[in-house]
Amino acid sequence: MMTVITNNQSTDNKKVPIHLKVTLTVKEAAEYSDIGINKLENLLRAPRCPFVLYVGNKKLVKRKEFEKFISESIEL
């Protein structure tokens with residue numbers, strides 16, 4: 001009798017933890033920081049936002065710069 005071994009892991013099981021990602025989606029940044037999506041969208045639209053990265057029409061959040069921005073901010 002021959003046993004066949006298959007790799008049935010989905011790509012969801014191989015996700016990189018948020019704290020190790022270089023960039024985050026707006027949804028991930030909201031979950032990570034407990035800041036609402038609408039507030040994050042407003043921050044990302046600000047001129048010279050230090051933590052926004054545009055990839056085509058998609059907006060990503062640069063995690064380290066975002067963390068620095070939050071740690072240096074008193075109020076959002």
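In the predicted model, three strands are arranged as an open sheet in the order S1-S3-S2, with antiparallel pairing. S1 and strand S2 (52–55) are the edge strands, each of them pairing on one side only. Between S1 and S3, which run antiparallel, there are two bridges, and Thr23 stands opposite Lys62 in S3. Helix H2 packs on this sheet, where it touches S2 and S3, and the direction of H2 makes about 90 degrees with that of S3.

Helix H1, which spans residues 26–33, contains the buried residues Val26, Glu28, Ala29, Ala30 and Ser33. The surroundings against which these buried residues pack comprise both strands and helices, namely strand S1 (23–24), helix H2 (37–45), strand S3 (58–62) and helix H3 (63–72). Just after H1, the backbone at Asp34 adopts a positive phi of about 65 degrees.

For H1 and H2, the axes come within 9 Å and cross at roughly 115 degrees, and the crossing in which H1 passes H2 is right-handed. On the H1 side the residues involved are Val26, Lys27, Ala29 and Ala30, and these meet Ile37, Leu40, Glu41 and Leu44 in H2. Classified by residue type, the contact of H1 with H2 holds six nonpolar and two charged residues, and no polar ones.

For H1 and H3, the axes come within 12 Å and cross at roughly 40 degrees. The two helices H1 and H3 are therefore oblique to each other, and H1 passes H3 in a crossing that is right-handed. Ala29, Tyr32 and Ser33 of H1 make this contact together with Arg63, Phe66, Glu67 and Ile70 of H3. The residues of the contact of H1 with H3 comprise four nonpolar, one polar and two charged.

Taken by residue, Ala29 is buried in H1 and takes part in the contact with H2 as well as in that with H3. Ser33, likewise buried, is one of the H1 residues in the contact with H3, whereas Val26 and Ala30, also among the buried residues of H1, are listed in the contact with H2.

Notes
Residues numbered from 1 in each chain as written. Predicted model: local features only at pLDDT ≥ 70, side-chain atom pairs only at ≥ 80, totals over all residues. Heavy atoms only, no water. Buried < 20%, exposed > 50% of the residue type's maximum accessible area, 1.4 Å probe, protein only. Helix = DSSP H or I, 4+ residues; strand = E, 2+ residues; numbered from the N terminus. Contact = heavy atoms within 4.5 Å. Axes fitted to C-alpha atoms, helices over the stretch in contact; angles between N-to-C directions. Left-handed = near helix turned anticlockwise from the far one by under 90°. Nonpolar A, V, L, I, M, F, W, Y, C, P; charged D, E, K, R; others polar. Parallel < 35°, antiparallel > 145°, perpendicular 65-115°, else oblique. Pairing = 2+ DSSP bridges.
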